[in-house]
Amino acid sequence: MAGPPYLGDRDLRLAQTLADAAGAALAFRQQLADKDQVLDQLQTALDSRLVIEQAKGVLSARLGIGMDEAFQRLRAHARSRQQKLTDLSARITRGDVPADLLAPAR
């Protein structure tokens, strides 16, 4: 009865080299996936920041207040209603400004 063929040193080195190459390829693939995820997160953050800045500009122009005051009002409104700042900002940039945001500051 014959057993499995014996792998010589050369065969073992070749197998190890192939395993190392496969491991490196998988690691590289994971790095690319991680970078893609970070890029997506950064793009989302940039998009959110842009819409918030636009909403600040709308409030600043409509109320005749500075950008800092516009942001404070925007943030306070979103927090008090448990809304996402980005969602409220998008609504404002579409022209749907909540009436209580247009009221004079108390």
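The protein carries 15 positive and 13 negative side chains, and the centres of the two sets lie 9 Å apart. In this count Lys and Arg are positive and Asp and Glu negative, while His and the chain ends are not counted; each charge is placed at NZ of Lys, CZ of Arg, CG of Asp or CD of Glu. The model is a predicted one, in which local features need pLDDT of at least 70 and side-chain atom pairs count only at pLDDT 80 or more, whereas totals for chains, interfaces and linings use all residues. Residues are numbered from 1 along each chain as its sequence is written, and side-chain values use heavy atoms, with hydrogens and water left out.

The secondary structure consists of four helices and zero strands, and along the sequence the pattern reads α-α-α-α. The radius of gyration of the protein is 29 Å, well over the 13 Å given by the globule rule for 106 residues, so the protein is more spread out than a compact globule. Helices (H or I, at least four residues) and strands (E, at least two) are DSSP runs numbered from the N terminus. The radius of gyration is taken over C-alpha atoms, and the globule rule is 2.2 Å times the number of residues to the power 0.38. Along its principal axes, the C-alpha trace spans about 95 × 25 × 20 Å.

The accessible surface comes to about 8100 Å², and 57% of it belongs to carbon and sulfur atoms. Such areas come from the Shrake-Rupley method with a 1.4 Å probe, and for residues only the protein chains shown count as cover. Of the 106 residues, 19% count as buried; buried means under 20% relative accessible area, exposed over 50%, and partly exposed in between (1.4 Å probe, protein chains only). Among contacts (heavy atoms within 4.5 Å) between residues at least 6 apart in sequence, 44% join residues at least 24 apart.

Helix 1 covers residues 9-63 and includes lysine 56. Lysine 56 is buried, with a relative accessible area of 9%. Its side chain makes a polar contact with the side chain of glutamate 53, at 3.1 Å. A polar contact is a pair of N or O atoms within 3.5 Å; within protein, one must be able to donate a hydrogen and the other to accept it, and residues adjacent in sequence count only if both atoms are side-chain atoms. Apart from neighbours within four places in sequence, lysine 56 is in contact with Arg49, Met67, Ala70, Phe71 and Leu74.

Two further residues of helix 1 can be followed. Leucine 39 lies in this helix and is exposed, at 54% relative accessibility. Its C-alpha atom is separated by 47 Å from that of glycine 8, 31 residues away along the chain. Glutamine 54 is also in helix 1 and is partly exposed, with a relative accessible area of 48%. Glutamine 54 and serine 89 are 35 residues apart in sequence, and their C-alpha atoms are 7.6 Å apart in space.

Helix 2, residues 67-80, contains histidine 77. Histidine 77 is buried, with a relative accessible area of 6%. Leaving aside neighbours within four places in sequence, its contacts are Gln83, Leu88, Pro98, Asp100 and Leu101. In the loop between helix 2 and helix 3 (85-93) stands glutamine 82, which is exposed with a relative accessible area of 78%. Glutamine 82 has a positive phi of about 50° although it is not a glycine. Most residues other than glycine have a negative phi.

Helix 4, residues 99-102, includes alanine 99. Alanine 99 is exposed, with a relative accessible area of 63%. Alanine 99 and arginine 62 are 37 residues apart in sequence and 12 Å apart in space, C-alpha to C-alpha.
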